[in-house]
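I opened a notebook for this structure and wrote down what I looked up, entry by entry. The sequence and the model come first.

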Amino acid sequence: SSGINAEYGYNQETTVLRIPDSHSRPPHHISNIEGSKYVSHTPETYNLLLSCSVSDTCKLWDARSGQCVRSFGKPCSIKTIPSISTCVRYVATPAEDQAVYMYDIRGGESVHKIQTEGALVSQFSPRFPQLAIGSNDGFVSFYNDS
């Protein structure tokens, strides 16, 4: 199946939301907005989930309704790990062309491209406006907005 069991009701020990056919293939990555002592968000912000699947785009979901609210990037045939910025303004997703694309979470358009040597994983710093990128060459590189 290529669906998502997005939330698990720990108190009830049951699945409380199931999104069938969320991607064309089974998702290999699901992440949510994590709290930070440096940034505060409205409670609704924590209802967002980001999922990624090989041969499909990364998708942002509203866990309350199970609806896809935005898709980012082009279909990718390799397993990559995207991330959501701490300020919840950007999504960074590695791509097959060995670059990392940053997307505006509100509009979905690409706002920046960082060329790398085979990026596989990206992660925003919880404290600084900085993005860490892990790549095929074994390096972890850090980028900031200046």
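Does V88 count as buried or exposed? I found that V88 counts as buried, at 12% relative accessibility, where buried means under 20% relative accessible area, exposed means over 50%, and partly exposed lies in between, with a 1.4 Å probe and protein chains only.

Before going on, I noted that this is a predicted model, in which local features need pLDDT of at least 70 and side-chain atom pairs count only at pLDDT 80 or more, while totals for chains, interfaces and linings use all residues. I also noted that residues are numbered from 1 along each chain as its sequence is written, and that side-chain values use heavy atoms, with hydrogens and water left out.

Entry on backbone angles. Most residues other than glycine have a negative phi. I looked up V88 again, and it has a positive phi of about 60° although it is not a glycine; V88 sits in the loop between β7 and β8 (90–94). Strands such as these are DSSP runs (E, at least two residues), numbered from the N terminus. Q98, also not a glycine, has a positive phi of about 70°, and I located Q98 in the loop between β8 and β9. Q98 is partly exposed, with a relative accessible area of 37%.

Entry on D104. I placed D104 in strand β9, where D104 is buried with a relative accessible area of 11%. I then checked its polar contacts (pairs of N or O atoms within 3.5 Å; within protein, one must be able to donate a hydrogen and the other to accept it, and residues adjacent in sequence count only if both atoms are side-chain atoms). The side chain of D104 reaches the backbone nitrogen of R106 at 2.7 Å, and a polar atom of that side chain lies 3.3 Å from the backbone nitrogen of G107. Leaving aside neighbours within four places in sequence, I listed F72, R89, Y90, E109 and V111 as residues in contact with D104, contact meaning heavy atoms within 4.5 Å.

Entry on aromatic rings. How many aromatic pairs does the structure hold? I found two, with rings of Phe, Tyr and Trp (its six-membered ring) pairing if their centres lie within 6.5 Å, and with planes under 30 degrees apart counted as stacked, over 60 as edge-to-face and the rest as tilted. One of them joins F72 and Y103 in a tilted pair, 5.8 Å centre to centre and with 50° between the planes. F72 lies in strand β6 (residues 67–76) and Y103 in strand β9 (residues 99–104), so this pair ties together parts that are 31 residues apart in sequence. F72 is buried at 1% relative accessible area, and Y103 is buried at 8%. I also noted that F72, Y101 and Y103 form one aromatic cluster.

Entry on the largest pocket. On a 1 Å grid over the protein atoms alone, a pocket is an open set of points where a 1.4 Å probe fits, with protein on both sides within 12 Å along at least five of seven lines, and lining residues have an atom within 4 Å of a point. The largest pocket has a volume of about 410 Å³, a volume being the space filled by probe spheres set on the points. I saw that 19 residues line it, with M102, F124, P129, Q130 and D145 nearest its centre.

Terms used. Helices (H or I, at least four residues) and strands (E, at least two) are DSSP runs, numbered from the N terminus.
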